Amino acid sequence: MPRKKRYNLAGPITDVVDKKAFGKRVSDLMREQEYTNEMLAERIGVSTSSVIALKAGERLPGLDNYLRLLMAFDTCDLVLLQDSINDEALKNNEMINKQIIPLICNLEHKELELVYNIIKPLVCSLKNREE
């Protein structure tokens, strides 16, 4: 039987959510609602070890499990993501969305390929320099 495709949190949100802070928020909500690891695992349809890893900040949930978490805690994004947003990464994403995308959104396919071929080596060299 083929494995079900899993989706991580939508788009760039994985870059702006701090895993440790998100895990702490899940732990706090579990404590408030008196959920055990087993109870939450059953409510969202994952293993107990997945809940433990989530609380430890080792991973973020897939989009499907994120939505199940919202339902399990009967809450909204703002409450679940409270104190989990990485401001620096969010600023970077805002810059991409407000400055870079408008510059390239009307380019033809061949022009986009050219821009990509110019930017990719530059970004790779910057990342290597940071490490």
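The model is predicted, so local features need pLDDT of at least 70, side-chain atom pairs count only at pLDDT 80 or more, and totals for chains, interfaces and linings use all residues. Residues are numbered from 1 along each chain as its sequence is written, and side-chain values use heavy atoms, leaving out hydrogens and water.

**Whole chain**

The protein chain has eight helices and zero strands. Both are DSSP runs numbered from the N terminus: helices are H or I with at least four residues, strands are E with at least two. Buried residues make up 27% of the 131 residues. Buried means under 20% relative accessible area, with a 1.4 Å probe and protein chains only. The chain exposes about 9,700 Å², and carbon and sulfur atoms supply 56% of it. These areas come from the Shrake-Rupley method with a 1.4 Å probe. Among contacts (heavy atoms within 4.5 Å) with a separation of 6 or more, 68% join residues 24 or more positions apart.

**Helices H3 and H5**

Two packed helices are described by the angle and the distance between their axes. How do H3 and H5 cross, left-handed or right-handed? The crossing is right-handed. Their axes come within 9 Å and cross at roughly 120°. Axes are lines fitted to C-alpha atoms over the stretch in contact, and angles run from 0 to 180 degrees between N-to-C directions. H3 and H5 are therefore oblique to each other.

| Helix | Residues | Contact residues |
|---|---|---|
| H3 | 37-44 | Leu 40, Arg 43, Ile 44 |
| H5 | 63-73 | Asn 65, Arg 68, Leu 69, Met 71, Ala 72, Phe 73 |

How values were computed:
Buried < 20%, exposed > 50% of the residue type's maximum accessible area, 1.4 Å probe, protein only. Parallel < 35°, antiparallel > 145°, perpendicular 65-115°, else oblique. Left-handed = near helix turned anticlockwise from the far one by under 90°.
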